[in-house]
Each structure stands twice: as C-alpha cells, then as structure tokens.
Amino acid sequence: MTIDEIREKLKLALTEKRYNHSIGVMQTAVSLARQYGADVEKTAVAALLHDCAKNYSKSEMLELCEKYNVELDPISRESTGLIHGFLGAVIANEYYGADDPEIYDAIYFHTIGKPDMSLMTKIIYLADGIEPNRSYEGVERIRETAFEDIDRALILQIDSTIKSVIGKGGLIHTNTIDTRNFYLRKLR
Ligand SMILES: [Fe+2]
Ligand SMILES: [Fe+2]
C-alpha cells in the first residue's frame, strides 16, 4: 500500500483524534529520521501505523491476539493500554501490508520500549510522546532535546511516562525500566 492508501484506510479504523495524533507522529518521526539518517519512507509508515490497533475493545484485542498468536506477558495482559502495540505490529502487516521487520519492531515496542533499540524504533517511541498535539508538563524540553541528543530525550520521555503511570497507580512494564537503565548507563 502507498502512504496515501494507508492513510485512507487508517482514517476509517481510528477516531479523528487518534488519526490526527498518528499524522502528528508521522510528521515528527520524519523530521527525526532526516535529522538522524533513518529510512524516511519506512519511518513514515511505522509512525502512521503505530496506533492502528488502538481502537479495538479489550475483548477484541484479546481475540485478535489469540488469532494471530500474539503472546502477552502478565503485565501486558493486565494493562490494556499496552496491548495495542504488540497487536498493532501484526495488524500493520496483516491489514496494511507493512511487511517489514523494522516496522514490526518499532510498532511492537512503541509503548514499552526496549533496551538497545534500533534508530527507527527509538524515533517512533519518541515521536509518539512529542508530536505537535501532545501537551504535558516538560514536553517542550523533550522536543528540544530530541533534535540534539536522541538518547537523552528518550530518558526524559521515559521518566515522564513512568511518573504519569505512577500518578495513575498503574503497573510499570519491566521493559520500560530496563530501557531507562540501558540508556542511562550508555550516557555515563
Ligand atoms: Fe500507542
Ligand atoms: Fe500513539
């Protein structure tokens, strides 16, 4: 599918707000891809599709995970907000023809992160949190840092995510902690 075809189909699968967020992530991700030398076309597809499974109900998500053999660890099974990443990686391939391991990886890990992630996965993770529609305390600093030092920006964003999850009393996925530790050590 071309980018335009993906956009058309995605528009029908998401709410207007989620669709606009996806376009925002694509714009930010493409800028970051240009800045850091990632594959712009692939990054655009991954960004556009990162939330393609976001609008399913919890029961639909669990059914689709079963259907496509998406394994869920105990934390993800309890935290519905995380499932759309793992499922989205499969849906991007099955429904939108995004048959590429790098795109799969970027979508799969966009909610929980992963230590030593590929440049593209890092860009999608970061762009998701700083696209123009996002507004929360500290976002400006992460936006500025993203174009200067991507790893430092990543840590800032993970910190912000962890604080927000704690604020809501939610479970923190161990991948997110491992990712934060990995990049903190890398910067030392
Ligand atoms: Fe997401
Ligand atoms: Fe998102």
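Aspartate 51 bridges two metals, the iron ion (ligand 2) and the iron ion (ligand 1), and these sit 3.4 Å apart. What you're looking at is a predicted model, where local features need pLDDT of at least 70, side-chain atom pairs count only at pLDDT 80 or more, and totals for chains, interfaces and linings use all residues. Residues are numbered from 1 along each chain as its sequence is written, chains are lettered from A and ligands numbered from 1 in the order in which they are written, and side-chain values use heavy atoms, with hydrogens and water left out.

Let's stay with the iron ion (ligand 2). It is held at 2.2 Å by His21 (NE2), His50 (NE2), Asp51 (OD) and Asp128 (OD). Donors here are N, O and S atoms within 2.8 Å of the metal (3.2 Å for Na, K and Ca), and since water is not among the atoms, sites may look incomplete. Along the sequence, the donor residues follow the spacing H-x28-H-D-x76-D.

How exposed or buried are two of these residues? Histidine 50 is buried, because its relative accessible area is 0%, and aspartate 51 is buried too, with 2%. Buried means under 20% relative accessible area, exposed over 50%, and partly exposed in between (1.4 Å probe, protein chains only). Of the chain's 188 residues, 49% count as buried.

Now zoom out. The C-alpha atoms fill a box of roughly 45 × 35 × 30 Å, taken along the principal axes. Among contacts with a separation of 6 or more, 63% come from residues 24 or more positions apart; contact means heavy atoms within 4.5 Å.
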